[in-house]
Amino acid sequence: MNHHQFLEIESQISHIALKQFRLIFKAIQQHSKLAESQSGVSSSQLWAIWEIFKTPGIKITDLAKAMSIHHSTTNTLVNKLSKKGLVLKEKCLKDNRVVKLILTENGQTLINNNTLEPRGKLQQALFEMPENELKQLSLQLNTLIHLMKVDDEESELVQ
């Protein structure tokens, strides 16, 4: 194989990978639009409601971990859900700094009537991947993130 053929194959592979990312992004966008139109909440809000439904009384820090998002982002998300009347924030009797989350009756109804994957297509697919494949994907995404010079101080990347 000569140098020109090698570069052509390399280019084809990168185009295939780019198409694959576009398919993933499109699926995420479609799910998000569908969630919004069917339930009146964003896909991330639907996921948060699902996590609260699964674990009534979950703390905001634990919700942040379950959703792999920053604590402040979780607070914003929960505040929006609270304003919509879907989630109640209860202070812990033992420690007023600890806030536990429960669904309101409207939140329960929303999750009970939901027909979509509450965590989203990407999250669900990642949860369904075999562990060894998920580790490999994580390592490869680490490389991609590094090459893109993306700085995310929160990332806990698999080594």
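In which hand does H2 pass H3 in their crossing? The model is predicted: local features require pLDDT of at least 70, side-chain atom pairs count only at pLDDT 80 or more, and totals for chains, interfaces and linings use all residues. Residues are numbered from 1 along each chain as its sequence is written, and side-chain values use heavy atoms, with hydrogens and water left out.

**Figure 1. Crossing of helices H2 and H3.** H2 passes H3 in a right-handed crossing (right-handed if the near helix is turned clockwise from the far one by less than a right angle, left-handed if anticlockwise). The axes of H2 (residues 43-54) and H3 (residues 60-67) come within 10 Å and cross at roughly 120°, which makes H2 oblique to H3. Angles under 35 degrees count as roughly parallel, over 145 as roughly antiparallel, 65 to 115 as roughly perpendicular and the rest as oblique. Axes are lines fitted to C-alpha atoms, for helices over the stretch in contact, with angles from 0 to 180 degrees between N-to-C directions; helices are DSSP runs (H or I, at least four residues) numbered from the N terminus.

**Figure 2. Residues in the contact of H2 with H3.** H2 contributes Ser44, Trp47, Ala48, Glu51 and Ile52, and H3 contributes Leu63, Ala66 and Met67 (contact: heavy atoms within 4.5 Å). Six of these residues are nonpolar, one is polar and one is charged.

**Figure 3. Salt bridge between Lys54 and Glu51.** The closest N and O atoms of Lys54 and Glu51 are 3.3 Å apart (salt bridge: a side-chain nitrogen of Lys or Arg within 4 Å of a carboxyl oxygen of Asp or Glu). The two residues lie three residues apart in H2, and are therefore separated by about one helical turn. Glu51 is buried, at 5% relative accessible area, whereas Lys54 is partly exposed at 41% (buried under 20%, exposed over 50%, partly exposed in between; 1.4 Å probe, protein chains only).

**Figure 4. Salt bridge between Glu117 and Arg119.** In this pair, the closest N and O atoms are 3.7 Å apart. Arg119 is buried, with 17% relative accessibility, while Glu117 is partly exposed at 27%.

**Figure 5. Salt bridge between Glu131 and Lys135.** The closest N and O atoms of Glu131 and Lys135 are 3.2 Å apart. Both residues belong to H7 (residues 131-147), where a spacing of four residues separates them by about one helical turn. Glu131 is exposed at 55% relative accessibility, and Lys135 is partly exposed at 43%. A search of the whole structure finds three salt bridges.

Methods
Ala, Val, Leu, Ile, Met, Phe, Trp, Tyr, Cys and Pro count as nonpolar, Asp, Glu, Lys and Arg as charged, and the others, Gly among them, as polar.
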